[in-house]
Amino acid sequence: MSAYVDLVTSLRQGFPQPVSDRVHDAYFVFSFLRALDQLDGMKSVSPLLGKAVTLDYDAAKRSRVEERPQSLEQVTQMLVEHLSGMFIWGHPRAQINVIPPPTIASVIGGLLPSIYNPNLVSEESSRQVGVAEVEVSTMTAELIGYDPARSAGLFTFGGTGTLLYAVKLGLEKACPGTADRGITERAVIFCSERAHYACLSVANWLGIGRGNVISIPCSVDNEMQVCLLESMARDVLKNGGKIAAIVATMGTTDHFGLDDLKSIREIRDRLVDEFHLDYRPHLHGDAVIGWAWSVFNDYDFDKNPLEFRLRTVRALAGTRRRIRELPLADSVGIDFHKTGFTPYVSSLFLVKEAIDLELITRAQSDTPYLFHDGHYHPGRYTLETTRGGSAPMAALANLRLFGKDGFRALLGHVVSMAEVLREHLEGHAATTVVNRGNFGPVTLFRVYPDGVDTFSITEREQKDATYRDQLRLHNEYNRRIYQLVQADALQGGGVVISLTDCYRETDYGEPIVALKSYILSPFSEEQYIDAVLESLWKARAQIAAEQAQKP
Ligand SMILES: *Cc1c(COP(=O)(O)O)cnc(C)c1O
């Protein structure tokens, strides 16, 4: 036998068997089980797998492909080691960012397609996994308040991808023919100053230009000041500019700010009439974070059957007030991998009117070897050619696993934990919550040394330019607190939180640093909220002691 045949024969063991082979199945499952077992052995009271690891990029740069194959066992071991030092997002001592722990169902949903490789490009290659994309699009459309019979959805490469689709549609509406000729006139994107930088990426990659992203100042509640949108949009239109898209952020990344979609939509419609526009500027709801709160659209807050605490009810109802306006947007971006508890990447782009997708549909003649049979061929309008099936299967898994009540309970729980934290922070003289009036799972706050009047500090820091040096000192103070809290957490004592370098700028142009607690773990409990506070007090005391030692 030739040498290569030997090799192929042994490599065949490394593939799932095409024809049922129970013994080999056991080998497959057991190999995975061993990996899980090794990972489990790396768990502890600290929110890390194994120990904190110093990353060695020099060694990484020395990696080369070897001559000989390795065994599955060796490869698995190596893969497991790559997870050492990873945060465990679902750990009750992790309050880091809008990163959820995926459910088992969604992991299985993601895993099955990675064994059988359906391709969502068309129904010939995706079969019922393509149907899953339609199911999820329909269920989610109905959930947020779209008419599922008229809307359509597709999964794409992240929240950034959902924005890319939205602005691309808007560009074709505002400047018809750009798909063929390129952009020949000025087109702008409006969004709030707290919108995600993905708006800039999209403007850059679509050729609109980052300079044509106009960010509207926000109120103290981190929502777009709509009167400014109106006047700035009027300026653009007066000067003959086109509006490619207006992006309403429905849950900003750091602050959970929610734009006033209803007013934005009214302004859009008013401007269409006033300027006799021959297009309707595309209005996109960037709800990649906020969408999940749609499950409360039909929750009875008076009867409160899930028995949330009053403060939680108030917070959830406060969010619903804005989220229920989502159907006023022409398209919506949804990340199941943020507040939907799936693995990365699972992002859904929904359009209210499926017919809008014709604006980006390729001619049949451009796609000669695909799409001959059947009728579900998303590859005709998606940017991507190959799309994997894991994203819709993981999303479908969680929509079924949770139902509306499951989502309500989980979101209600994380919000009520965040409320407990806020209550404590607001009650203490040395701390102040800076995203007050927000009702999400994220809390931005600042910590101050003794002797600072935290009642008036927020306003002074924001407005009083003579306070610049003090502000900078307090920024440094908060960075130091962060380091100490982080060190404490990695020892297994405290809780890992994060730091934002600029949750907002002062009126005189200085960045304001804030500590950030993002609670998304279903395992969060009050004792871990207490642990955050204890860790803060410890850090304050340590800094005070260090200061006292200085001459
Ligand atoms: C996270 C985020 C994005 C980008 O989404 P990815 O899935 O990370 O690409 C866009 N908009 C908002 C508001 C976000 O929070």
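This note sets out points on the fold, the ligand shell and selected residues of the structure above.

1. Basis of the model. The model is predicted: local features require pLDDT of at least 70 and side-chain atom pairs count only at pLDDT 80 or more, while totals for chains, interfaces and linings use all residues. Residues are numbered from 1 along each chain as its sequence is written, and side-chain values use heavy atoms, with hydrogens and water left out.

2. Overall fold. The protein chain contains 17 helices and 11 strands; these are DSSP runs, numbered from the N terminus, with helices being H or I of at least four residues and strands E of at least two. The radius of gyration is 26 Å, close to the 24 Å that the globule rule gives for 551 residues, so the protein chain is as compact as a globular protein of that length. That radius is taken over C-alpha atoms, and the globule rule is 2.2 Å times the number of residues to the power 0.38. The C-alpha trace spans about 85 × 65 × 55 Å along its principal axes.

3. Packing and surface. Of the 551 residues, 51% count as buried (buried means under 20% relative accessible area, exposed over 50%, partly exposed in between, with a 1.4 Å probe and protein chains only). Among contacts (heavy atoms within 4.5 Å) with a separation of 6 or more, 72% come from residues 24 or more positions apart. The accessible surface of the protein chain comes to about 26,700 Å², and 55% of this belongs to carbon and sulfur atoms. Accessible areas follow the Shrake-Rupley method with a 1.4 Å probe; for residues, only the protein chains shown count as cover.

4. Ligand shell. There are 13 residues around the ligand, of which G159, T253, D286, D335 and K338 come nearest; a residue is near if one of its heavy atoms lies within 4 Å. The shell divides into two nonpolar, eight polar and three charged residues. Here Ala, Val, Leu, Ile, Met, Phe, Trp, Tyr, Cys and Pro count as nonpolar, Asp, Glu, Lys and Arg as charged, and the others, Gly among them, as polar. Helices α7 (159-174) and α13 (336-339) each supply at least two residues of this shell.

5. Ligand distances. A polar backbone atom of G159 lies 2.7 Å from an oxygen atom of the ligand. In the side chain of D286, an N or O atom is 2.7 Å from a ligand nitrogen, and in that of D335 an N or O atom is 2.9 Å from a ligand oxygen. The protein covers 86% of the 380 Å² of accessible area that the ligand has on its own.

6. R322. This residue belongs to helix α12 (residues 310-323) and counts as buried because its relative accessibility is 8%. A polar atom of the R322 side chain lies 3.0 Å from the backbone oxygen of L258. Leaving aside neighbours within four places in sequence, R322 is in contact with E223, M250, L258, D259 and D260.

7. Backbone geometry. F256, which is not a glycine, has a positive phi of about 60°. F256 lies in the loop between β4 (242-249) and α11 (261-274) and is buried, with a relative accessible area of 0%. E307, likewise not a glycine, has a positive phi of about 60°; E307 is in the loop between β5 (282-286) and α12 and counts as exposed at 69% relative accessibility. The peptide bond from Y344 to V345 is cis, with omega near -15°, and V345 is found in the loop between α13 and β7 (347-351).

Key: A polar contact is a pair of N or O atoms within 3.5 Å; within protein, one must be able to donate a hydrogen and the other to accept it, and residues adjacent in sequence count only if both atoms are side-chain atoms.
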